Structure formats: C-alpha cells, structure tokens
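Let's take a friendly walk through a protein model, one part at a time. Have the sequence and the picture ready as you read.

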Amino acid sequence: MPTRVVEPYDIDGAVPPGTRSQFRSPVCETYLGDQIEIPVTIINGEHDGPRLFLTAAIHGDELNGVKVLQEVADRINPSELHGTLVLLHVVNVPAYLSQQRYIPIYDQDLNRAFPGKPTSNMAERFAHKVFKRFLEPCDLGLDFHTSTRNRTTMYHVRADIEDDAVVELADAFGANLLLSGEGDERSLRSVASRRGIPTLTVEMGKAHRFQPALIEKAIEGIDGVLAAYDMYPSATPVEITWQKVMGPAEEKRWIRADSGGLVDMHWGPSPLVEAGDTICTISDHFREEVTVIEAPFTGIIVGVLENPIAAPGHPICHLVRIDSETREELEQSMADGEFDGYRSYGQQWMGSAGEE
Ligand SMILES: [Zn+2]
C-alpha cells in the first residue's frame with residue numbers, strides 16, 4: 001500500500017546518521033495499477049565511510065542471498081558503522097512472487113537490463129529506477145545469486161580481475177574460487193563496475209532453498225569487506241586458506257551426457273576429482289546399458305546437475321582444471337579441517353543426497 005512508502009530515497013535527509021530505516025520503495029506497477037515495491041534497509045552509520053550496496057533476488061527464485069541480507073540488516077549496529085549499507089532485500093519482486101528467475105511478463109531478465117532506460121520496457125524502467133535511486137550513489141557492491149533451478153553451483157565469486165579496485169574487493173570478501181570476466185555487459189555487476197562502483201557477483205548453491213553453510217560463509221565475506229574498508233571496528237577480516245582464480249583462458253568444461261537415462265553421482269563429498277575418476281554413471285531404466293562419465297582432467301566441480309534424469313546433450317557438471325599447486329593447497333586445507341564446511345555443503349550439492 002502506498003502509505004507504507006518512505007520517499008524519496010535520500011540517505012542524509014531520510015535516514016539520519018546513526019539510524020536504520022526499513023521501507024518499501026515502488027519501482028513499477030502491476031496490470032491493476034498497484035505499486036510493486038521492493039523491501040529496502042538503509043543503515044546510515046554514525047561515522048563517515050563508504051557506501052556499500054547488497055542486492056539479492058535479481059533472479060526471483062535465488063533465495064540464499066535474501067537470507068544473507070535479512071541477517072546483515074539485523075546484525076549491524078548503525079552507531080558503530082562507518083559509512084552506509086544499502087540493502088535491497090528482494091530486487092525482482094514480480095519474479096520473487098511467482099518464484100521464478102525472470103520477470104514473468106515476457107520472461108525478461110532483469111540482470112540483462114542495467115543500467116536501464118526510463119522510457120523503454122518494464123525491465124529497463126525497473127532497472128533504471130533501482131540503479132539511479134539505490135546503486136549509483138554507492139561506492140562498492142555485492143550482488144548475491146545462486147545457480148539456476150535444477151542445477152547447483154559451488155560457492156564462488158565472479159569478478160573482473162583486470163580491475164584493481166574489484167580485485168581489492170574480492171580479496172576483502174575472501175572467496176576461494178574466483179571466476180574472472182567482465183560478465184554480460186548489461187548485468188548489474190558489469191555496469192556498476194564500469195561506472196566506478198567495484199562490484200562482485202556472489203554465486204552460492206541452488207535456487208529455491210536456504211543453505212545455512214553458504215549463508216554463513218557469505219555473512220563472513222561481508223564481515224571481511226566491512227573490516228577491509230574500515231567500516232565496522234568489530235568486523236573480522238577473512239582468512240583465505242586456498243584460492244583459485246580462473247582466468248578467461250583457463251580450462252573449464254561443461255561435461256555433457258551422451259546418452260539418455262538415470263544419473264547416479266559418484267563424486268564427492270569434496271569437489272576435487274582426479275583425471276579418470278568416475279563423476280557419474282548414466283543407466284537406462286532396465287540397467288542394461290550403463291555409461292560411465294569420467295573426469296577428463298584433474299579439477300574441481302563447480303556446478304552440477306540436480307535433476308537426475310538426462311538426455312544426450314544435458315549438462316552434467318562444470319569442471320575447472322586446477323594445477324598441482326592449487327591441488328596441494330586444497331588437500332592441505334582438507335587435512336587441516338578447513339574444508340569441513342565445504343564437505344558438508346558438498347553433500348548438499350548432490351541431488352541424490354536428498355533435499356536439505
Ligand atoms: Zn542469478
């Protein structure tokens with residue numbers, strides 16, 4: 001209802017220093033003319049500092065980030081904060097309401113519509129309002145995503161490592177796996193980063209779920225950013241025990257099914273597979289033919305099919321080659337117990353392990 005709306009968005013006017021404001025901001029309208037409002041938290045610190053935005057559910061069925069933002073909005077004390085946090089709890093409200101990835105009308109991808117245009121179609125107008133009102137006034141950004149439905153992805157960060165300011169942010173956030181690239185030129189991350197607002201995409205797990213281990217890891221990453229940019233004196237820097245940076249030229253491959261049937265995953269619980277290891281088998285319903293899919297090289301599985309039936313051409317998993325040095329670091333981390341969290345959410349990735 002329009003009476004709930006606090007407008008305009010103005011950090012210094014509407015949200016005085018040392019306070020938190022939670023409100024809904026209209027971004028577009030339904031066919032019925034009702035306002036579509038996104039839930040927003042602004043935490044304006046008592047002290048000066050950078051403005052950091054956190055965005056979730058730009059794809060409406062990607063929920064882990066929604067939980068991350070709820071927790072952060074609750075935990076941060078404005079009287080200790082140096083700078084401002086701008087939290088857009090659910091960006092793509094129309095898609096969120098129908099629990100799907102795209103804006104339901106014409107299946108528009110909001111994350112291909114930035115920075116948006118005020119006079120174009122719905123996605124463009126939507127993106128324009130969000131970008132102008134909330135993102136453009138910021139200095140740094142973190143955009144939370146998950147895999148698309150029926151797949152899951154290893155927790156990782158996507159960032160343009162050609163941009164030093166982005167690398168600084170990625171180091172502060174402390175992701176182990178970093179996929180480098182500019183990304184789609186109209187994604188939120190690319191547009192913001194190009195305009196001098198270093199921004200990361202955080203990819204975590206699967207759609208339609210809250211995955212506590214990943215949510216906690218993302219909150220630790222945000223804490224690391226708050227620490228690195230001197231935004232929160234009690235924040236803890238992130239310690240990176242191993243890191244793999246994937247440049248655009250490095251070998252990564254979607255391994256696809258060549259036969260139809262039922263998929264049984266054999267890898268795990270750690271994402272590390274050796275060349276020749278069985279990743280999965282695909283069998284027909286009578287088990288007369290069983291196809292074994294082996295790892296073509298030693299690497300880590302960063303994405304995997306969850307729907308356990310496959311047809312020729314279906315992606316089974318996304319394998320990233322690792323060198324012996326990264327592998328040693330990984331194995332050392334596992335031996336030290338640093339990998340325990342990964343092992344538990346490694347099990348969560350596997351569709352055959354059931355729903356968590
Ligand atoms: Zn997404």
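## Starting at one residue

Ile 255 sits in strand β10, which covers residues 252-256. Helices (H or I, at least four residues) and strands (E, at least two) are DSSP runs, numbered from the N terminus. Before going further, note that this is a predicted model: local features need pLDDT of at least 70, side-chain atom pairs count only at pLDDT 80 or more, and totals for chains, interfaces and linings use all residues. Residues are numbered from 1 along each chain as its sequence is written.

Is Ile 255 buried or exposed, or partly exposed? Ile 255 has 19 C-beta neighbours inside 10 Å, so it counts as partly exposed. The cut-offs are these: a residue is buried if 20 or more other C-beta atoms lie within 10 Å of its own, exposed if 12 or fewer, and partly exposed in between, with C-beta atoms placed from the backbone.

Leaving out residues up to four places away in sequence, Ile 255 touches Ile 279, Ile 293, Ile 316, Cys 317 and Leu 319. Two residues are in contact if their C-beta atoms, placed from the backbone, lie within 7 Å.

## Two domains

The protein chain is divided into domain 1 (2-244) and domain 2 (251-353), with bounds that come from an automatic or database domain assignment. Their C-alpha centres lie 30 Å apart. Where they meet, 16 residues of domain 1 are in contact with 19 residues of domain 2. On the side of domain 1 that touches domain 2, β6 gives the most, with five residues.

## The nonpolar core

In soluble globular proteins, nonpolar side chains tend to be buried together. Here, the largest nonpolar core has 97 residues, and those with the most contacts inside it include Phe 173 and Ile 316. A nonpolar core is a set of buried Ala, Val, Leu, Ile, Met, Phe, Trp, Tyr and Cys residues joined through C-beta atoms within 7 Å. Helix α7 (residues 212-228) gives the most to this core, with seven residues. Domain 1 and domain 2 both give residues to this core, so it lies between them.

## A pair of helices

Helix α2 (residues 64-75) packs against α7 at an angle of about 50°, and their axes are 9 Å apart. That makes α2 oblique to α7. Residues of α2 including Val 68 and Val 72 meet residues of α7 including Ala 218 and Ile 222.

Axes are lines fitted to C-alpha atoms, for helices over the stretch in contact, and angles run from 0 to 180 degrees between N-to-C directions. Angles under 35 degrees count as roughly parallel, over 145 as roughly antiparallel, 65 to 115 as roughly perpendicular and the rest as oblique.
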